[in-house]
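Let us walk through this structure step by step. Keep the view open as you read.

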Amino acid sequence: MSWPTGYGRRVLAEVDSTNAEAARLAPTLQGPEWILALRQTQGRGRRGRAWTDPQGNFAGTLVLRPDGPPDQVALLSFVAALSLFDACVAVTGRPEVFALKWPNDVLLNGGKLAGILLESTGSAGGVTHLAIGIGVN
């Protein structure tokens, strides 16, 4: 499978947080871009909670310039969770072991496997850039 047309990709050996890197880069990006880290040292979850990210785990952020009002853009959290759930099922062939926990977690056998964190920048009631951070342990 090839990389999707129109999407940039940066793979970093180490970064504090892929969402923090997304915030730093967003104003310079020309289109949607994935920021992936082989090692993330200061990952975070909702409400500023620390996200432990041992080496070998997935840490990535998709940066978009979404259209629509903020309440509609926020729905992309659910889209990301459903997509990650579907990817886990596709890779393993085991739908019965995965579940979604509202609003942004994917569970494996009842334990947290992955979390999704949306962060945005904007002005005048709109969203300029959206970072969809995904961490999979």
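In which helix is S77 found? S77 sits in helix α3. One caution before going on: the model is predicted. S77 counts as buried because its relative accessible area is 11%, under the 20% cut-off. Leave aside the neighbours within four places in sequence, and S77 is in contact with P103, N104, I116 and L118.

Now turn to the sheet. Its 7 strands run in the order β1-β2-β3-β7-β6-β5-β4. The sheet is open, and the pairing is mixed. At the edges are β1 (8-12) and β4 (98-101), each of which pairs on one side only. On average, neighbouring strands of this sheet are turned by 15 degrees against each other, direction ignored. Helix α3 spans residues 76-92 and packs on this sheet. Helix α3 touches β3, β4, β5 (105-108), β6 (111-123) and β7. The direction of α3 makes about 170 degrees with that of β4.

Strands of a sheet pair through backbone hydrogen bonds, either parallel or antiparallel.

Start with β2 and β3. Strand β2 covers residues 33-37, and strand β3 covers residues 58-64. The two pair in the antiparallel sense, over 5 bridges. Within this pair, E33 stands opposite V63 in β3.

Next come β4 and β5. They run antiparallel and are joined by 4 bridges. A hairpin of 3 residues links β4 to β5. A99 stands opposite L107 in β5. β5 and β6 pair over 4 bridges, in the antiparallel sense. Their hairpin has 2 residues between the strands. In that hairpin, N109 takes a positive phi near 50 degrees.

What lies in the loop between β6 and β7? G125 is found there. G125 is exposed because its relative accessible area is 62%, over the 50% cut-off. The C-alpha atoms of G125 and S2 are separated by 36 Å. Along the chain, these two residues are 123 apart.

Strand β7 takes in residues 126-136, and V127 has its place there. Is V127 buried or exposed? V127 counts as buried, because its relative accessibility is 12%. V127 touches P66, P70, V73, S120, T121 and G122, not counting residues up to four places away in sequence. V127 and L64 are 63 residues apart in sequence. In space they are 9.7 Å apart, C-alpha to C-alpha.

Now look at helix α1, residues 18-25. How many of its 8 residues are buried? The count is 6, so α1 is mostly covered. The buried residues are T18, N19, A20, E21, A22 and L25. They pack against β1, β2, β3, β6 and β7.

Take N19 from that list. N19 is buried because its relative accessible area is 5%. A polar atom of the N19 side chain lies 3.4 Å from the backbone oxygen of L117. The backbone nitrogen of N19 has a partner too. At the start of α1, a side-chain oxygen of S17 reaches to within 3.2 Å of that nitrogen. Leaving out residues up to four places away in sequence, N19 touches R44, T61, L117, E119, A131, I132 and G133.

The last stop is the largest pocket. It holds about 320 Å³ of space. The lining has 24 residues, and the closest to the pocket centre are R44, G45, R46, W51 and G115. Which elements each supply at least two residues of the lining? They are α1, β6 and β7. The largest share, 4 residues, comes from β6.

Note on methods. Residues are numbered from 1 along each chain as its sequence is written. This is a predicted model: local features need pLDDT of at least 70, side-chain atom pairs count only at pLDDT 80 or more; totals for chains, interfaces and linings use all residues. Side-chain values use heavy atoms; hydrogens and water are left out. Buried means under 20% relative accessible area, exposed over 50%, partly exposed in between (1.4 Å probe, protein chains only). Contact means heavy atoms within 4.5 Å. Two strands pair if DSSP finds at least two bridges between them. Axes are lines fitted to C-alpha atoms, for helices over the stretch in contact, and angles run from 0 to 180 degrees between N-to-C directions. A polar contact is a pair of N or O atoms within 3.5 Å; within protein, one must be able to donate a hydrogen and the other to accept it, and residues adjacent in sequence count only if both atoms are side-chain atoms. On a 1 Å grid over the protein atoms alone, a cavity is a set of points where a 1.4 Å probe fits but cannot get out, and a pocket is an open set with protein on both sides within 12 Å along at least five of seven lines; lining residues have an atom within 4 Å of a point. Grid points are joined across faces, edges and corners, and a volume is the space filled by probe spheres set on the points.
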